[in-house]
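Welcome! Please take a moment to look over the sequence and the 3D view before reading on.

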Amino acid sequence: MRRVKPVRNAAVIVRVFPEERDILRFNAGVHGMSMSEYIRQTCLGIRLRKTPEEKRRLRELARIGANINQLARWANTYKRATEAVKVLAALAGIERRIAEFASCASAENEPEAEPC
């Protein structure tokens, strides 16, 4: 059975000054959204991601968490010493990625830092 996607068919007209419209358009662009989506989410109190880069980082962090869960499940299933070395090596790799992730996030807050 095919799912029917809901369609937005109600309109709300809001009059703004041209300068206000330009600000809305700019802010929507910064967040990687259309003006309609930006206004809708802002007015409905939905937390906006600052940039598409923040969204990318959150996805990356979720992947790291999934990898940690897989390693923990694997370590609980296979508890031999030789396999434990493999798990420790994988965890060290994850730790390096998390450190890189954290350094990129803190570097963005410094105006003179190079982008990651």
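This report covers the pocket, the salt bridges and a surface patch.

## About the model

This is a predicted model, in which local features need pLDDT of at least 70 and side-chain atom pairs count only at pLDDT 80 or more, while totals for chains, interfaces and linings use all residues. Residues are numbered from 1 along each chain as its sequence is written, and side-chain values use heavy atoms, leaving out hydrogens and water.

## The largest pocket

The largest pocket has a volume of about 460 Å³. Its lining has 14 residues, and Val12, Val14, Ser36, Ile39 and Arg40 are the closest to the centre. Two elements, α1 (18-30) and α2 (35-43), each give two or more residues to this lining, and α2 gives the most, with 5 residues. By type, the lining residues divide into 10 nonpolar, 1 polar and 3 charged.

A pocket here is an open set of points on a 1 Å grid over the protein atoms alone, where a 1.4 Å probe fits, with protein on both sides within 12 Å along at least five of seven lines; lining residues have an atom within 4 Å of a point. The volume is the space filled by probe spheres set on the points, which are joined across faces, edges and corners. Ala, Val, Leu, Ile, Met, Phe, Trp, Tyr, Cys and Pro count as nonpolar, Asp, Glu, Lys and Arg as charged, and the others, Gly among them, as polar.

## Salt bridges

The structure holds 5 salt bridges (a side-chain nitrogen of Lys or Arg within 4 Å of a carboxyl oxygen of Asp or Glu). In one of them, arginine 25 pairs with aspartate 22, with the closest N and O atoms 3.9 Å apart. Both lie in helix α1, 3 residues apart (helices are DSSP runs of H or I, at least four residues, numbered from the N terminus). Arg21 joins Asp22 and Arg25 in a network of salt bridges.

Which side chain meets glutamate 60 in a salt bridge at 1.8 Å, N to O? The partner is arginine 97. Glutamate 60 lies in helix α3 and arginine 97 in helix α4, so this pair ties together parts 37 residues apart in sequence. Glutamate 60 also forms a salt bridge with arginine 63, at 3.2 Å between the closest N and O atoms.

## A nonpolar surface patch

Ile68, Leu88, Leu91 and Ile98 form a nonpolar patch on the surface, with about 320 Å² of accessible area together (by the Shrake-Rupley method with a 1.4 Å probe, only the protein chains shown counting as cover). Patch residues have over 30% relative accessible area and no salt bridge; like charges are joined within 9 Å and nonpolar side chains (Val, Leu, Ile, Met, Phe, Trp, Tyr) within 5 Å. Helix α4 (residues 81-108) gives the largest share, 3 residues, while isoleucine 68 sits in helix α3 (residues 52-77).
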